[in-house]
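Me: I've got this one open on my screen. Can you walk me through how it is put together?
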Amino acid sequence: MQSVYRRLRHHHFDQSPAQIASFKSLIPLSDRFNGANGSRSASTLATKGVGHLVRKGTGGRSSVSGIVATVFGATGFLGRYLVQQLAKMGSQVLVPFRGPEDSQRHLKLMGDLGQIVPMKYNPRDESSIKAVMAKANVVINLIGREYETRNFSFEEVNHHMAEMLAVIAKEHGGIMRYIQVSGLGASPSSPSRMLRAKAAAEEAILRELPEVTVMRPAVMIGTEDRILNPWAHFTKKYSFLPLMGDGSTKIQPVYVADVASAIIAALKDDGSSMGKTYELGGPEIYTIHELAELMYDTIREWPRYVKVPFPVAKVLATPRELLLNKVPFPMPVPTIFNLDLIEALSTDTVVSDDALTFEDLGITPRKLKGYPTEFLIQYRKGGPQYGSTVSEKVSRSWD
Ligand SMILES: NC(=O)c1ccc[n+]([C@@H]2O[C@H](COP(=O)([O-])OP(=O)(O)OC[C@H]3O[C@@H](n4cnc5c(N)ncnc54)[C@H](OP(=O)(O)O)[C@@H]3O)[C@@H](O)[C@H]2O)c1
């Protein structure tokens, strides 16, 4: 298996059937996955979701929801909010992790004793994936990465791993719900390679498990986010913020806990969200410039921007990508000058008019201004109370 992946690592697939077939031939999954004559066998997912599972207790942390969920990618940003919500309703959560023990330690406390079960695994090893899925009746895939590393390409992390999980879940036979977290803007024609890989993953998973629920969150905001934090950090360090293009690209950022709630709502329903794709954007559309203004407003700094035209931003971000596989050491993680992110920002990414959204799951997403962005006060130069809104409100009422 290791040699298989070593070959995959250096090989980027496009979406042609011949290449997908060649990828499948590289991964020694059992023949059962492809059914007779290589045609796909029907999905093994139950059609009613987990609604009929035996539940005990009042629905809190110490009750039993009947859900045993394997959450791939639980050690990430969204993972911590999702695991917390799953555990809070009395679910058992199996947490596959590949890094150090510390990577999952914070999750253990979110559930009752024994309810959060960290399990070391190797995402390139089919048998270890089967082991972490063995006892589950729900699988949620949050694995993803917005930059490449020497070891993992966009396609491997965002597409091939997702496809392998779906294939294994299908063979499992006892999985009642499968939820794939993709990304808003996922499309084969996206300028971003990551979003193209996400689109390919959706297509591949749908082929295996037509009842999969796909969640496409917009850029997520919250204490550990990877947009406002790097912006605020950069601003504090250099006293200005680079604004890609003229800052007019539209995005629809969403509070991370709302995305977790959407996944829970889908899980709890009677199966009506099965086989559907939801686009999860926040209640307001922001331009990049407006979002940066919100950040400046919250950290109480005077806005200073340097507009970086897209071609210049790409030139600045390119050396990392060129050197990635050429130097014998890991390249730094790109934050603001991430080439693929810059590509993604070259077009508007908002929820489409005809998409299923939070509303269809019975959730009202929170506005960003206020609690969801309150974590930014840690960046205020005079401490959290610096330039407090309370004093401003008082002075305004006297005007
Ligand atoms: N954050 C956003 O604004 C945003 C927006 C739209 C969509 N999404 C998508 O939503 C999902 C969750 O996002 P997130 O922000 O929580 O992501 P995250 O913080 O980057 O976490 C990603 C998770 O994927 C795992 N992972 C990454 N590369 C892996 C690899 N090569 N092998 C195995 N596991 C790997 C990580 O494990 P380790 O801890 O071991 O690295 C981590 O648990 C992702 O699919 C992401 O693409 C995110």
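Me: Which residues in α3 meet which residues in α9?
Reply: This is a predicted model, to start with. From α3, the residues are Phe77, Leu78, Tyr81, Leu82, Gln85 and Leu86. They meet Val256, Ala257, Val259, Ala260, Ser261, Ile263 and Ile264 in α9.

Me: How does that contact divide into nonpolar, polar and charged?
Reply: The contact of α3 with α9 has 11 nonpolar and 2 polar residues, and no charged ones.

Me: At what angle do α3 and α9 pack?
Reply: About 50 degrees, and their axes are 9 Å apart. That angle makes α3 oblique to α9. The crossing of the two helices is right-handed.

Me: And which strands does α9 lie across?
Reply: Helix α9, residues 256–268, lies across β4, β5, β6 and β11. Relative to β6, α9 runs at about 165 degrees.

Me: OK, the sheet then. What is the strand order?
Reply: The order is β3-β2-β1-β4-β5-β6-β11. The sheet is open, has 7 strands and shows parallel pairing.

Me: Which are the edge strands?
Reply: β3 (116–120) and β11 (277–280) are the edges. Each of them pairs on one side only.

Me: How many degrees are neighbouring strands turned against each other?
Reply: On average, 20 degrees, with direction ignored.

Me: How many bridges join β1 to β2?
Reply: There are 3 bridges between β1, residues 68–72, and β2, residues 92–97. The two strands run parallel.

Me: What is the bridge partner of valine 68 in β2?
Reply: Glutamine 92.

Me: Switching to the ligand. How many residues surround it, and which are the closest?
Reply: The ligand is surrounded by 22 residues. Gly73, Gly76, Leu78, Gly144 and Gly183 are the closest. Leu78 also turns up in the contact of α3 with α9.

Me: Which helix gives the largest share of that shell?
Reply: Helix α3, residues 77–88, with 3 residues.

Me: What classes do the shell residues divide into?
Reply: Around the ligand, 11 are nonpolar, 8 are polar and 3 are charged.

Me: Back to helix pairs. How far apart are the axes of α5 and α6?
Reply: They are 10 Å apart. Helix α5 covers residues 126–133, and helix α6 covers 154–172. The packing angle is about 55 degrees, which makes α5 oblique to α6. α5 passes α6 in a right-handed crossing.

Me: Which residues meet there?
Reply: On the α5 side, Glu126, Ile129, Lys130 and Met133. On the α6 side, Met164, Leu165, Ile168, Ala169 and His172. That contact divides into 6 nonpolar, 1 polar and 2 charged residues.

Me: One last pair. At roughly how many degrees do α8 and α10 cross?
Reply: Roughly 60 degrees, with the axes coming within 10 Å. That makes α8 oblique to α10. This crossing is right-handed.

Me: Which residues make the contact?
Reply: Leu228, Trp231 and Ala232 of α8, with Ala292, Met295 and Ile299 of α10.

Me: How many of those are nonpolar, polar and charged?
Reply: The contact of α8 with α10 has 6 nonpolar residues, no polar ones and no charged ones.

Methods:
Residues numbered from 1 in each chain as written. Predicted model: local features only at pLDDT ≥ 70, side-chain atom pairs only at ≥ 80, totals over all residues. Axes fitted to C-alpha atoms, helices over the stretch in contact; angles between N-to-C directions. Helix = DSSP H or I, 4+ residues; strand = E, 2+ residues; numbered from the N terminus. Parallel < 35°, antiparallel > 145°, perpendicular 65-115°, else oblique. Left-handed = near helix turned anticlockwise from the far one by under 90°. Contact = placed C-beta atoms within 7 Å. Nonpolar A, V, L, I, M, F, W, Y, C, P; charged D, E, K, R; others polar. Near = placed C-beta within 6 Å. Pairing = 2+ DSSP bridges.
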